[in-house]
Amino acid sequence: MTPNQLSHTAAVLADMLTFKQPADAVLSAYFRAHSKLGRGDRHEIAETAFAALRHYQKISAALRRPHAQPEKAALAALVLGRSINLSQIEPLLDEERTEFLSKLKARKAEFASQPNTAAELPQWLIDTLAEHLGETDILAFGRSVNQSAPLDVRVNTLKGRRDKVLAALETEGLAAAATPYSPWGIRFQEKIALNKHPLFLDGTLEVQDEGSQLLALLVGAKRGEIVVDFCAGAGGKTLAIAAMMANKGRIYAFDIAEKRLANLKPRMTRAGVTTIHPQRIDNEHDARIARLAGKADRVLVDAPCSGLGTLRRNPDLKYRQSPETLAKLQQQQASILAEAAKLVKDGGRLVHATCSVLPQENEQQVARFLANHPGWVQLDCAQLLAAAKINLDTGRCLKMNVAEHHTDGFFAAVFEKPALS
C-alpha cells in the first residue's frame, strides 16, 4: 500500500466506521467523488476498508474510537485482515505506528481467547445467538461469515443454458463451476469485472447468490400465473421467477423504494423480460395492493430483515443492527406477511423468506403466522426441492448457512392457503 492509498483508505474509514451509512454506499460515494483513482488504487482501498470491518472487534479493542484514528485502523486492517508483514509496509510506519502494530500482533492469543474478538461479533449479537446456539457454534458462525464471498451468478434461461455458458467461460480461461444446488447457478471463486462481460451485458448472466436462486424455486411459479413479489427490491428474485415462467404470466413487483424499483427496469430490458410490473407502494397497507386480494397464485415475501446471513458481503450490518432494530423488524415482518397472505388465492402459495439466521425472524415468524391463520398448511421445503430434482434437505424449512452450503445465510418457509371445497 502506498502513502496515497493509505490516506484515501483512512478517509473512507473515518466515515465508514461511524456505521451511520451502509459501507458499500460510503465506498461508492467516495469513489464517485475521487473519480481519478485508478483500478489498483480502488482495489487496495476497498480490500483494506472491508478488512477493517471484518476485524473491527480486534481493532476497537486496541484503538479507542477507531473512526477518529483511521490511519491506525487502516494499518491494523492490513496486518490483521490482509496478513501483511510490517516489513512490507515499512515506508508507511514511524516509531509510534511500529510499536502499535507490534503490540497488536502480540495480542493474538488474547484475541483468540475472547468470544467477541475470536468470532468477530459484537456482544449484542453473541448474546442473541446464545439463545439458541452454543459457544462452539457461535464461533463457527462468526468465522464462516468473516470470509469474503465468491461471486455467484444465475444463467437467465430465456437467453442461455448453463452448460453452454460454462463451456464459453472455460474457453476464456475463467475459473467457474456449476453451483451444487441451483440448476441455474455458476460460481466464480475469483472476482471478475462481470459488469463488462458480454454475457452480462446481453442479459444471459445475472448476479445472484445461489441461496437466493433457491428461493425462486420454492415459489414454484408456472407459465401464465399471477405472482406477487411483495418486497422486490432491485428484482433479482423477480427476474428469476420471470425466467421460470418462460416470460409468460404477470408478476407484480412491489417495493417502498422508488430507487430500487428504478434499478429493476434496465435489468428487465437486459434480461428480455416483459411480464414484470414494478409498483412503488407506501407500505404493506397501501390501497393499491387491495385490488389483488385473493387473485395471486404465488406470493413471495422476501421480508425486510437484519441481513445477518449476508455478513460476508456486508460485514458492517452487525454494527448497524441492534436488539432494538431487531424488535422493530420482527413487528414489520409479521405485518407484511399478514397483508401479503390476503393476496393469495384459494390453494395458492405464500413464501416467507429472509437473509437472516435468527429464529426470531424465521421459525418464530412461521409459528406466529400459522397461529394467526388457521387452515393454512406449511409445506415441506425438502420435498418441494426434491420434486425439482434438487438434493437438499435442511428440514421442513429451507435453512442455508455459509459454513455448510457456501451460500449466504437464507431461510424460507412455504405456506399453502386452503382451497375451497
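**A conversation about the predicted model**

Modeller: Phe-19 is buried, with a relative accessible area of 14%. Please note that this is a predicted model.

Biologist: Where is Phe-19 placed?

Modeller: Phe-19 sits in the loop between H1 and H2. Its phi is positive, about 60 degrees, although Phe-19 is not a glycine.

Biologist: Is Arg-65 buried or partly exposed?

Modeller: Arg-65 is partly exposed, because its relative accessible area is 46%, which falls between the 20% limit for buried and the 50% limit for exposed.

Biologist: Let us turn to packing. How many residues are in the largest nonpolar core, and which have the most contacts inside it?

Modeller: The largest nonpolar core has 39 residues. Those with the most contacts inside it are Val-12, Leu-13, Met-16, Leu-27, Leu-75, Ile-89 and Leu-101. Two or more residues come from each of helix H1 (3-16), helix H2 (23-33), helix H3 (39-54), helix H4 (56-62), helix H5 (70-81) and helix H6 (95-106). Another core, of 38 residues, lies apart from this one, and includes Ala-271, Leu-300, Ala-353 and Leu-379.

Biologist: What does Val-12 touch?

Modeller: Not counting residues up to four places away in sequence, Val-12 touches Val-26, Leu-27, Tyr-30, Ile-45 and Ala-49. As a general matter, nonpolar side chains tend to be buried together in soluble globular proteins.

Biologist: Now the annotations. Where does UniProt place the "active site" feature?

Modeller: The UniProt record, an unreviewed entry, places "active site" at Cys-355. Cys-355 lies in the loop between strand S9 (344-354) and helix H18 (363-372).

Biologist: Is Cys-355 buried or exposed?

Modeller: Cys-355 counts as buried, because its relative accessibility is 18%, and the cut-off for buried is under 20%.

Biologist: Which residues does Cys-355 touch?

Modeller: Leaving out residues up to four places away in sequence, Cys-355 touches Cys-305, Gly-307, Leu-308, Gly-309, Thr-310, Gly-409 and Phe-410.

Biologist: Cys-305 is on that list. Where is the place of Cys-305?

Modeller: Cys-305 is in the loop between S8 and helix H16 (317-320). At 15% relative accessibility, Cys-305 counts as buried. Beyond its neighbours within four places in sequence, Cys-305 is in contact with Gln-321, Leu-329, Gln-333, Thr-354, Cys-355, Ser-356 and Glu-361. Cys-305 and Ser-356 are 51 residues apart along the chain, and their C-alpha atoms are separated by 6.5 Å.

Biologist: Which residues does UniProt list for the domain?

Modeller: For "domain: SAM-dependent MTase RsmB/NOP-type", the unreviewed UniProt entry lists residues 141-418. Over that range the chain is 34% helix and 22% strand, with the end C-alpha atoms 38 Å apart.

Biologist: How many residues of helix H14 are buried?

Modeller: Helix H14 (residues 236-244) is mostly covered, with eight of its nine residues buried. Among the buried ones are Gly-236, Lys-237 and Leu-239. Just after H14, Ala-246 takes a positive phi of about 55 degrees.

Biologist: What is Arg-267 in contact with?

Modeller: Setting aside neighbours within four places in sequence, Arg-267 is in contact with Glu-206, Val-207, Ala-234, Gly-235, Gly-236 and Leu-239. Arg-267 itself lies in helix H15 (residues 258-271), and at 15% relative accessibility Arg-267 counts as buried.

Biologist: One last topic, pockets. What volume does the second largest pocket have, and which residues lie nearest its centre?

Modeller: The second largest pocket has a volume of about 480 Å³. Its lining has 21 residues, of which His-132, Leu-133, Phe-141, Val-357 and Asn-401 lie nearest the centre.

Biologist: Which element gives the largest share of that lining?

Modeller: The largest share, four residues, comes from H10. The lining residues divide into eleven nonpolar, seven polar and three charged.

Methods:
Residues are numbered from 1 along each chain as its sequence is written. This is a predicted model: local features need pLDDT of at least 70, side-chain atom pairs count only at pLDDT 80 or more; totals for chains, interfaces and linings use all residues. Side-chain values use heavy atoms; hydrogens and water are left out. A nonpolar core is a set of buried Ala, Val, Leu, Ile, Met, Phe, Trp, Tyr and Cys residues joined through side-chain atoms within 4.5 Å. Buried means under 20% relative accessible area, exposed over 50%, partly exposed in between (1.4 Å probe, protein chains only). Contact means heavy atoms within 4.5 Å. On a 1 Å grid over the protein atoms alone, a cavity is a set of points where a 1.4 Å probe fits but cannot get out, and a pocket is an open set with protein on both sides within 12 Å along at least five of seven lines; lining residues have an atom within 4 Å of a point. Grid points are joined across faces, edges and corners, and a volume is the space filled by probe spheres set on the points. Ala, Val, Leu, Ile, Met, Phe, Trp, Tyr, Cys and Pro count as nonpolar, Asp, Glu, Lys and Arg as charged, and the others, Gly among them, as polar. UniProt positions are given in the numbering used here, feature names are shortened, and annotations may be inferred rather than shown by experiment.
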